[in-house]
Amino acid sequence: MYCGADVSEDINIIRLSAWYRPASNRPEVLPIAARGYPADVSNVSADSDTYIHGHDASVLAQHLRRTAEEAAAFLLPRIPVGARLLDVGCGPGSITAGLAQHTNGGSVLAIDVVGDVLRGARDLLAERDIHNADLSSASVYRLPIADAAFDVAYAHQVLQHLSRPVEALREMRRVLKPGGLIAVRDADYGTMVHWPKDRRLDRFQQIYHAVAQRNEVDADAGRRIPSWLKEAGFDQIEISTSVWTFDDSESTGNWGNSWAVRTLKSALAEQAIEYGLATQAELEEISNAWREWARHPDAFFMFIHVEGLGIRT
Ligand SMILES: C[S@@+](CC[C@H](N)C(=O)[O-])C[C@H]1O[C@@H](n2cnc3c(N)ncnc32)[C@H](O)[C@@H]1O
């Protein structure tokens, strides 16, 4: 079962940080200009693909449910004591916060291409009294980081949003020390199944895949992780899989009601309409289907994640 905070349509995740104490053991982050960025660090949009989810409160509420214990279970036992860990595409930072607690005297640098989402992440770290994590606005395609600076580079649900995933993995490889560990995990939307049958939810899957394809990204990224890691030059690759299962009223209620909102309010909705892949009326029908599914006593949903570990030799 997937569990965590409640979904609220009114939730306001992004709050300006009043106070944040920086980490004492920081990884080396070069001045932005040293890696070819303009002085304004928020101006990294040229490196950004079209992000299908966007950062609507309904999306962030769902991402905030994630924990390092679940999302990085395949990595945690492998984190060296005192590790310097890079968290790529950290979003609202709930996984980052957990990772920071698993570095055993080390530190985390978390980056995201969207500067705004880092404000919420900064608050979260302060609220949890975590002082060994830093945040930076940057794109994975051009990390403002020296070569061989990190022991571990991690990305959760990021490759599926990138039009150049192998290029991103090569850039993560560049900032790993020899012997350093890459750890990536992505969903595979093609493995999503629901019960009871509902043609409107089948249509949702079609629209999601079509929007991803239009954005030149792969919603079925999970199955491609093994080949992408190989192509990016990693060795000793280890692959595992895990399943998110929604089978009780709490988890199906949360998942279904969350997607009911996201189907209408997130970037996905805007892109589906802008690309001519769905109409507003159709999205409203799908949103209703999610709400009906969320309260169905037999509601069931599952999908597979693929996890990959590899060594930079
Ligand atoms: C699905 S969210 C995952 C967030 C977090 N890792 C988690 O699992 O909760 C994907 C994140 O990747 C970020 N992202 C997209 N393209 C990126 C890029 N080129 N460089 C860095 N981050 C990127 C998005 O802004 C978004 O916050």
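How many of the 17 residues of helix α8 are buried? The count is 12, and α8 is thus described as mostly covered. The model shown is predicted: local features need pLDDT of at least 70, side-chain atom pairs count only at pLDDT 80 or more, and totals for chains, interfaces and linings use all residues. Residues are numbered from 1 along each chain as its sequence is written.

**View 1. Helix α8 and its buried residues.** Helices (H or I, at least four residues) and strands (E, at least two) are DSSP runs, numbered from the N terminus. A residue is buried if 20 or more other C-beta atoms, placed from the backbone, lie within 10 Å of its own. Among the buried residues of α8 are W255, W259 and R262. The buried residues pack against elements including α1 (57-63), α6 (199-214) and β7 (235-246), contact meaning C-beta atoms within 7 Å.

**View 2. Helices α8 and α10 in contact.** The axes of α8 (residues 249-265) and α10 (residues 280-294), lines fitted to C-alpha atoms over the stretch in contact, come within 8 Å and cross at roughly 170°. The two helices are therefore roughly antiparallel (angles over 145 degrees, between N-to-C directions that run from 0 to 180). Contributors include W259 of α8 and W290 of α10.

**View 3. Strand β1 beside strand β2.** Five of the five residues of β1 (residues 84-88) are buried, so the strand is largely enclosed by the rest of the structure. R84, L86 and V88 point one way, L85 and D87 the other. β1 pairs with β2 (residues 107-112) in the parallel sense over five bridges, where pairing requires at least two DSSP bridges. L109 of β2 is the bridge partner of L86.

Methods: Angles under 35 degrees count as roughly parallel, over 145 as roughly antiparallel, 65 to 115 as roughly perpendicular and the rest as oblique. Two residues are in contact if their C-beta atoms, placed from the backbone, lie within 7 Å.
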